[in-house]
Amino acid sequence: MSDKKYLYKKTAVLTDKSSHYCPGCSHGLVHKMLAEIIEEFGIQKKTIFVAPVGCAVLLYDYIDCDTLEAAHGRAPASATGIKRSNPDNVVIAYQGDGDLLAIGMAETIHAANRGENITVIFINNAIYGMTGGQMAPTTLVGQKTLTTPLGRNPSNEGYPIGACELLNTLTAPYFIERCKVNSSKTAIYTKKVLKKAITNQMNNKGYSFVEILSNCNTNWGMTPLDANKWIDENVEKIFPVKNFRDGDAK
Amino acid sequence: MKDKVLMKGNEALAEAAIRGGCRYYFGYPITPQNEVPAYMSKRLPEVGGVFIQAESETASINMVYGACASGARAMTSSSSPGISLMQEGISYIAGSEVPAVIINVMRGGPGLGNISPSQADYLQSVKGGGHGDYNVIIFAPSTVQELADYAYDSFDVAFKYRNPVMILADGVLGQISEGVILPEFKEIKDAPEWALGKGKERNIIRSLFLNPEDRLTTHNIHLQEKYRRIEKEIQYFEEYKCEDAEYLIVAYGTTSRICKSAIDNMRNNGIKIGLFRPISLWPFPYAKLKENAASKETLFVVEMAYNQLEQDVRIGVEGAAPIERLNKLGGSVFNEEEIVDFISNSITLKGNKYVG
């Protein structure tokens, strides 16, 4: 018998399927961290994901939990329906920037405003990935996309929307934080934040929101390394990484 | 013998839905169905349920999608413009094979229209409404009692077939007060095995089929096989004074009630006329209609819409009898006399022996 000792092992909450995500994309890392947390908490059977429309629509191919595939932008509404009828389940809505801040703005704001006891994971990569790189509500001023070929021009397209800043104007949310995962250090910290956001729900604290600044190296037209650097040098200037609200700290 | 109580249609359907097991209601205000959410907001907490006033009809239907996907008996209600907003969600619910109950208390359209009774959402309801090949089971009651009975039964039907069910009412039925015998509280068994968080195995509720091994074609064929089964099993209709009838009215819902009075009136004048009333609008009782139409001089399609029910009547009748139409547009209701006049005159113009 082998006396091999594993220092690292893939969590059983992740399936063996190879991911469709582009190499270097942040989705894979965030999926893995969520799966590891679910394993650690022993909540695989009671966790229900709500998958968005966008790159993460196939989330259920990779994270081995019950999942509802929501309509575009409606994840917080469907998560509300699931959670209200199943208060003992852990309900995680996972959304991108177009889903959460454009087509689903109303659902985002109102689920937060009701203080729904759910966890919302927001992948902000400043672009529409799945459809080939169009402007997102979070696209930076001057950023070139498929539909802003000369760069986002505020006089025509307005300015990037800060989800955390917006939600922080509401009374009901319990926890709001913006993180990034473009280095080992920031990823390790983000995992702690994700744990907290899920723990809050398990303790019936109410609405927890975690925004993760992510890269879309393919549609940004950069190498993964350059894309991660661009987050530090550009994205974070508009979307500061910090905790906006922590109900525990009150 | 249970007591008859006097209730408004909207309230009777809400109470009956609760008695049929509904514990979750998600909805947005719109006239003429506002009594449904008002009643639910007061009554659901009393029976351990949840009421949420959603931020829109779009959110409402997607909340219903989430709740029903996890095996709960949930419903929403709205009126025409709001139902239009729900169509995307209804397509997802049908595509994912999730049960749901939706009430449409129809009002005048198109656009903002008005708040008066109408039947102009017939085609939207029975022919799909949203994108893709799918069907919603549609029941069209004509009395407050039937409104309550179908609201009560719809949850069983929706869960049996894992398919959305819509009750197609109108502003008259929602607002009218009538005597109604309320059904007993139904005991609901555990959530089904396919529901989120309820299965021994892992459950995924979805309508996206990208991979070659689970192609969308196969999924659609499966849906169509289910729809053919529903068509065999659900064929609801009423025949009124059809046995000796030489003429036939085809009408549903509120209009069919007015037609019954008109039929009694015309029969007093010696016109042998009856009513065929489809109750399940999808599946439509085509065969039974054709049987009834076969020996008739003329069929009169009477609807608070233009050529909507009539399209299904023509499909069913297949030319077996001449068809005339009487329409009321823009959210207004027929009166008995105008139906009597129209049909009597029509028969007279054809030189019929009964009317002089």
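I looked up burial in chain B first: 53% of its 356 residues are buried, a residue being buried if 20 or more other C-beta atoms, placed from the backbone, lie within 10 Å of its own.

This is a predicted model, where local features need pLDDT of at least 70, side-chain atom pairs count only at pLDDT 80 or more, and totals for chains, interfaces and linings use all residues. Residues are numbered from 1 along each chain as its sequence is written, while chains are lettered from A and ligands numbered from 1 in the order in which they are written.

Next, overall form. I noted a radius of gyration of 21 Å for chain B, which agrees with the value near 21 Å for a compact globule with 356 residues (taken over C-alpha atoms; the rule is 2.2 Å times the number of residues to the power 0.38). I also noted that the C-alpha atoms of chain B fill a box of roughly 70 × 50 × 45 Å along the principal axes.

Then domains. An automatic or database assignment gives chain B domain 1 (4-233) and domain 2 (238-349). Their C-alpha centres lie 28 Å apart. I found 27 residues of domain 1 of chain B and 25 residues of domain 2 of chain B in the contact (C-beta atoms, placed from the backbone, within 7 Å).

On the domain 1 side, α5(B) gives the most, with four residues; helices (H or I, at least four residues) and strands (E, at least two) are DSSP runs, numbered from the N terminus. I sorted that side into 15 nonpolar (Ala, Val, Leu, Ile, Met, Phe, Trp, Tyr, Cys, Pro), nine polar (the others, Gly among them) and three charged (Asp, Glu, Lys, Arg) residues.

How values were computed: Contact = placed C-beta atoms within 7 Å. Buried ≥ 20, exposed ≤ 12 C-beta atoms within 10 Å, placed from the backbone.
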